[in-house]
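Here is a short tour to read with the structure open beside you. Take the topics in any order you like.

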Amino acid sequence: VFDCEVFVHDWLFVFKNIATGEYTVIHNDNFAVKEFMTADKLLVGFNNKHYDNYILKAVLCGADNALLKEINDFIIDGNMGFEHWFIKQNRAWFNSFDIMDDMQYGLSLKAIEGHLGLNIEESSVSFDIDRKLTPHELEETIKYCKYDVDVTERLVQIRKPYLEAKLALGRLAGIEDARALYATNAKLTAMFLQAKPRQWDDERNYKYPNNLKKELIPKEVIEFFDRMHDPKISDKELFSSKVKFNIQNMPTVIGYGGVHGALENYIEEERGSRIIRNFDVASLYPSLMIKCGYTSRNIPSPKVFEKVYNDRLKAKAEGNKRVSDTLKLVLNTTYGAMLNKYNDLYDPLMGRSVCISGQLFLTELVIAYVRACKTIKIINFNTDGVMFSIDEEEMPKIYAINEEWQNRTGFILEEDKIKKIVQKDVNNYVLIKSDGEVKTKGAYVTYGTSATGAWNVNNNYTIVKKAIIDYFVKGRPVEETINSCNDILEFQYIAKASNKYTHCYHIVDGKKVPVQTVNRVYATKDKRYGTLYKIHKETGRPAKIEDLPKHCIIDNRNELGIQDIDKEHYIKRAKKMINDFLGKEQLEVSMNEYVKLSELAKVPGIGKKTLERIREACTIYRFDEQPDKKKEELSNWLDEILKTD
C-alpha cells in the first residue's frame, strides 16, 4: 500500500508491505525509489490512478523536486496526469490498482476515515511552505502519510469480497491478476465478454418489442418515446427529458433512466383481508438483454452473455456462492458499460433499448393490474417492480395476469409479502415484511456501508436514522432511542467541502476560525459555537456547509464524550424527519409560548385532545425565526388552544 506527498522542496513516499506490516519511507531519493520498485511489487493506493502513479512515474524517470512540484500542481489544478509533457515523453511500468475504483463519486479518503469513526486530524504542515521542511515538519508529514496508508490498507480488507470477485472473474477469462485488479468492473466485464470497440450511429433507432402490449401503455408514454425518431430534437434535450402521468392517483415519471412513482406520505398496514404485496422482476436488465436481443453488438455472440447468465443460475442453485457472486458482477455491470462511450461494450442503442423496454413491460403489467382489480391501490412503482395493496379475494386475478405476462415476456416475478409500509416519497421508505425483515431505502433511514451499486459509506447522525426506524417499526419514542444511546460516534456529522471550495471556517465567539475541509462535528448546547462555512474557489463567497446543526463543536481527534453533545438537537431532528414522512409541517414555538403551554397543561380537568396538541407544540422552539405568515398562523393556532376548555 502506498501514498506520497509533494512540497516545493521535498517529496516522500510511504510504502507498506501488507503481509509483514513493514513500512518503507523514502524522502528526496530517486535512486532509492528505483531500487525499491522491483518487478514483484503490486501497489495499491487511494486515487493513485489519477495522482500518485504519475508522481511515482516521474520519480522513476529522474524528475527533480521542481519538476515533481510542477506535475503535482498540474494535476491538482484539474488536469490529467498523462497530459503533462514530462509524463508524455517518459515511460515507467509497474503493477498497481486503485481501491477508489467503483466507489461512489466524490468520496475522499479523509471523509471515509470520518465515517469509519477514525481520527481525521490533518497535518499542520502546509503544502505551500517555500523552503525545505524542518526535521519536525518532515516527521509529522511521515506520521500522517503512514496513517493514510494504514486506512487504505483497512479499505483493502473491507473491500476484500469486491477484490476477490475481480480476481476470480479474471482467472475465469485467463486475465492476469494484476490486470484484473487494475481494471474497473466495467473494463473487466468488457474484457471477460471479449468485447471489441465499434462505432455506432443508430442510438435513436429504437423499436418496440413485438410481444409488448402497446395498447395498455398510456398514450402520452408512447408519444414520448416516439420522439426519438424526430431529428429536430437534439440528443441532449431528448435524453434528459421525462414524461409525467398518473397511475390511479399516483404521480409517475418515465424517462431514459427508469420509471418511478410513489404515493407520498403514505402508511398502510395489513389488516384483515387487506394485504400488501410487492413483485420484482428477477435480473430484469440481464433478462431483457437475452430475451429481447439487447446484448452489446461488440461481443462475439449474444450466446457469450447468455452463458454467463445460465452459469450464474446453475452456481446459485448449487450453492456455489463464489462463482455466483463472480458472474453476478458481469450481469450487473454490462448495462451501464453499454452506455459508457469509453468502454469497449459501448452500444448506445442496445443500452437505451434495455431501459425503455423494461419500463414499458412493467408499465403494461401495472396497468393490467389496475384494469382487472377493483380494490387495488398502487403504492410504489419503480424500474423493476411494483408494490400494491389489495383485497385478498382479488389475488387470483393478479396471479393470472402475472402468469400470462411471464409466459409472454420470459421474465420471472418474485413475490414479497409486506406487513407494513411507511413511505415518504419514491426515494425514502421503511417496510416490514411478513417474516419480520425490515427493509429501508433512502437518505432518511439508511446508513453504514452500501450493499449495492457503487461502494459508499455514510454514518452521518446514524442515531437519528435508527430512531426513525424504531419509531415506525417498534412504535418506540425517539427520545427513548436517542437518550439511551451513549456511543458518541452515532451522533457525528461528517462536514465535507468538495474541491470546489478552497477552505473552511468555524464561527466561534462570533469570529471566523480556520478549520479543515473535512471535520467531525456534533451538536452542542454551548452557544459560543456556530456552524461551519466553506469558501467557493471561483467566487470567493462563503456558504454554510449543508445539513449541520446551528451550534457545532468539532472533534477530529475523538476526544469528546457523550456529555458534551446536545441530544435534544437529535431528538428534534428525528421528530422533524418523522413529520416529513407523515407530511406534517412542524411549527416552531418560542420559549415564551412554550412556558404558557406548559403552564396550561397543568390546569385540572384539561381535555386529552388539548393535551396532545400542547405536547406537540412543546417539542420545538424558535418561533421568532419564522416568516411573518407562519408566525400569524402559529399565533392563531396557539390562541385557539389557550381558549380551549
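Predicted model: local features only at pLDDT ≥ 70, side-chain atom pairs only at ≥ 80, totals over all residues.

**The chain as a whole**
- The chain holds 22 helices and 24 strands.
- Along the principal axes, its C-alpha atoms fill a box of roughly 85 × 70 × 55 Å.
- Of the 645 residues in the chain, 51% are buried.
- Among contacts with a separation of 6 or more, 66% join residues 24 or more positions apart.

**Aromatic rings**
- Phe225 and Tyr256 make an edge-to-face pair, with 5.5 Å from centre to centre and 85 degrees between the planes.
- Phe225 belongs to helix H10 (residues 219-226), while Tyr256 sits in the loop between strand S7 (250-254) and strand S8 (259-262), so this pair ties together parts that are 31 residues apart in sequence.
- Both Phe225 and Tyr256 are buried.
- Phe472 and Phe581 form a tilted pair, at 5.3 Å centre to centre and with 55 degrees between the planes.
- That pair links distant parts of the chain, since Phe472 is in helix H17 (residues 462-474) and Phe581 in helix H19 (residues 567-582), 109 residues apart.
- Phe472 is buried, and Phe581 is buried as well.
- One aromatic cluster brings together Phe2, Trp11, Phe13, Phe15 and Phe36.

**Charges over rings**
- Lys49 lies over the face of Tyr182, 4.3 Å from the ring centre.
- Lys214 places its charged end over the ring of Tyr208, at 4.1 Å from the centre of that ring.

**Helices H13 and H14**
- Helix H13 (residues 302-317) packs with helix H14 (residues 321-338) at an angle of about 145 degrees, and their axes are 9 Å apart.
- The crossing of H13 past H14 is left-handed.
- On the H13 side, the contact is made by Phe305, Val308, Tyr309, Asp311, Arg312, Ala315 and Lys316.
- On the H14 side, these residues meet Val323, Ser324, Leu327, Lys328, Val330, Leu331 and Thr334.
- Sorted by class, this contact has eight nonpolar, two polar and four charged residues.

- Is helix H12 (residues 284-291) largely enclosed or largely open? Seven of its eight residues are buried, so H12 is largely enclosed by the rest of the structure.
- The buried residues of H12 are Leu284, Tyr285, Pro286, Ser287, Leu288, Met289 and Ile290.
- These buried residues pack against strand S10 (274-281), helix H15 (348-372), and also H13 and H14.
- Just after H12, Gly293 takes a positive phi of about 75 degrees.

**Positive phi away from glycine**
- Ser283 is not a glycine, yet it has a positive phi of about 45 degrees.
- Ser283 is found in the loop between S10 and H12, and with 29% relative accessibility it counts as partly exposed.
- Tyr461, again not a glycine, has a positive phi of about 35 degrees.
- Tyr461 lies in the loop between strand S17 (457-458) and H17.
- Is Tyr461 buried or exposed? Its relative accessible area is 7%, so Tyr461 is buried.

How values were computed
Residues numbered from 1 in each chain as written. Heavy atoms only, no water. Axes fitted to C-alpha atoms, helices over the stretch in contact; angles between N-to-C directions. Helix = DSSP H or I, 4+ residues; strand = E, 2+ residues; numbered from the N terminus. Left-handed = near helix turned anticlockwise from the far one by under 90°. Contact = heavy atoms within 4.5 Å. Nonpolar A, V, L, I, M, F, W, Y, C, P; charged D, E, K, R; others polar. Phe/Tyr/Trp six-rings, centres within 6.5 Å; stacked < 30°, edge-to-face > 60°. Buried < 20%, exposed > 50% of the residue type's maximum accessible area, 1.4 Å probe, protein only. Lys NZ or Arg CZ within 6 Å of the ring centre and 35° of its normal.
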